[in-house]
Amino acid sequence: MRFKEGNSMKKVPVTFFVKKYLSLFLVVFVFLVGCAAHPVTGKREIRLVSTKQEVDLGKATAQQVVNEFGIYDDPKLHEYINEVGQKLANVSERKEITYSFTVLNTPMVNAFAAPGGFIFVTRGILKELDDEAQLAGVMAHEIGHVVWRHGAKRLEKAFGYSAIVLLGEILTKKDLSQLRQYTNFLFSLMLLGYSRKNEFEADNAGVRYSLAGGYDPRGIADFFEKLKAMEKKPPSKFETLFRSHPPTGDRIERVELYLEQVEFEGAELVRNEEKFKKFTQNLPAEESQK
Ligand SMILES: [Zn+2]
């Protein structure tokens, strides 16, 4: 039997459906992915990775870093590094997360940050630095990567929406074995360094947080000068994420420019050379594994 086709269905303009469902879709989409103001620029941005996911993922990545390099065993040094780090994190634009600062037991000259606030400096880099202002410059740079969400953003870009939803499920189930592809990605990203643009953003943060924390902001520029000198030595001796991109010469130029803009001459800023030496004097020689 065939039903007579009636005119019961009134013609509804297509645009009505488009508008209705598009707005519904957008509401659901924004609900799922979140939208927030960027901590530094203040611009609204869509976020696929929530802060909670960023912290959980960062924690798993940090664990991988610790498994790889080990923690340098010196509670007093850790207390000191943490004190400097917290001072800098407190003046950053992102305070809703907890920052941790760990010294890794490797002669490699390096510092890096896992998303969500997990900052690492190696005993190799501490051996190279002269004072607390230089340490502050390096750590403020790493805090800058966290504040800018550089790691989380790269993850969003590389894995896309569906994979990020999967990541959410994995994190909810706490299935850590499945997290590997994400933590491996972040781990290599941390070791190799971010894009040129991201590194300049973090360098800028390095100057700003140092200054706001009461440190001589020339510390980071001093450190880059050291890197430049190190780059002339055999590469096997200095495997460092700061080496390749952007070129150290460019970073020095940019940092010098920021320093001219911030005007800090005459301000009471510390370098704390003696204090730094006191806590780092027992660090083993570069080649030593212990
Ligand atoms: Zn960096």
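This is a predicted model: local features need pLDDT of at least 70, side-chain atom pairs count only at pLDDT 80 or more; totals for chains, interfaces and linings use all residues.
**Entry 1**

I began with helices H8 and H10, whose crossing is right-handed. Residues are numbered from 1 along each chain as its sequence is written.

H8 covers residues 196–212 and H10 covers residues 248–262. I found their axes within 10 Å, crossing at roughly 40°. Axes are lines fitted to C-alpha atoms, for helices over the stretch in contact, with angles from 0 to 180 degrees between N-to-C directions. The angle makes H8 oblique to H10. Under 35 degrees counts as roughly parallel, over 145 as roughly antiparallel, 65 to 115 as roughly perpendicular, and the rest as oblique.

I then listed the contact. H8 gives Phe200, Asp203, Asn204, Val207 and Leu211; H10 gives Arg251, Arg254, Val255, Tyr258, Leu259 and Val262. Contact means C-beta atoms, placed from the backbone, within 7 Å. These residues divide into 7 nonpolar, 1 polar and 3 charged. Nonpolar covers Ala, Val, Leu, Ile, Met, Phe, Trp, Tyr, Cys and Pro; charged covers Asp, Glu, Lys and Arg; the others, Gly among them, are polar.

Next I looked up H3 (residues 75–90) and H5 (residues 132–147), whose axes come within 10 Å and cross at roughly 55°. H3 is therefore oblique to H5. H3 passes H5 in a right-handed crossing. Val84, Gly85, Leu88 and Ala89 of H3 meet Glu132, Leu135, Ala136, Met139, Ala140 and Ile143 of H5. I noted 8 nonpolar, 1 polar and 1 charged residue in the contact of H3 with H5.

**Entry 2: the sheet**

I traced an open, mixed sheet of 3 strands in the order S3-S5-S4. Strands are DSSP runs of E, at least two residues; helices are runs of H or I, at least four; both are numbered from the N terminus. Strands pair if DSSP finds at least two bridges between them. Strands S3 (100–104) and S4 (111–114) stand at the edges with a single partner each, so one side of each has no neighbour in the sheet. The twist averages 20° from one strand to the next.

S3 and S5 (residues 118–122) are parallel over 5 bridges. Serine 100 stands opposite phenylalanine 118. S4 and S5 run antiparallel, joined by 4 bridges. Alanine 113 has isoleucine 119 in S5 as its bridge partner. Their hairpin has 3 residues between the strands, and glycine 116 takes a positive phi near 90° there.

Which way do the S4 residues point? Ala111 and Ala113 point one way, Phe112 and Ala114 the other, and all are buried. Buried means 20 or more other C-beta atoms within 10 Å of the residue's own, exposed 12 or fewer, partly exposed in between, with C-beta atoms placed from the backbone.

**Entry 3: leucine 189**

I found leucine 189 in helix H7 (residues 180–192). Is leucine 189 buried or exposed? Leucine 189 is buried, because 21 other C-beta atoms lie within 10 Å. Leucine 189 touches Gly151, Arg154 and Tyr194, not counting residues up to four places away in sequence. Phenylalanine 112 is 77 residues away in sequence and 9.7 Å away in space, C-alpha to C-alpha.

**Entry 4: whole chain**

I noted 11 helices and 5 strands. Buried residues make up 38% of the 290.

Notes: A crossing is left-handed if the near helix is turned anticlockwise from the far one by less than a right angle, and right-handed if clockwise. Two residues are in contact if their C-beta atoms, placed from the backbone, lie within 7 Å.
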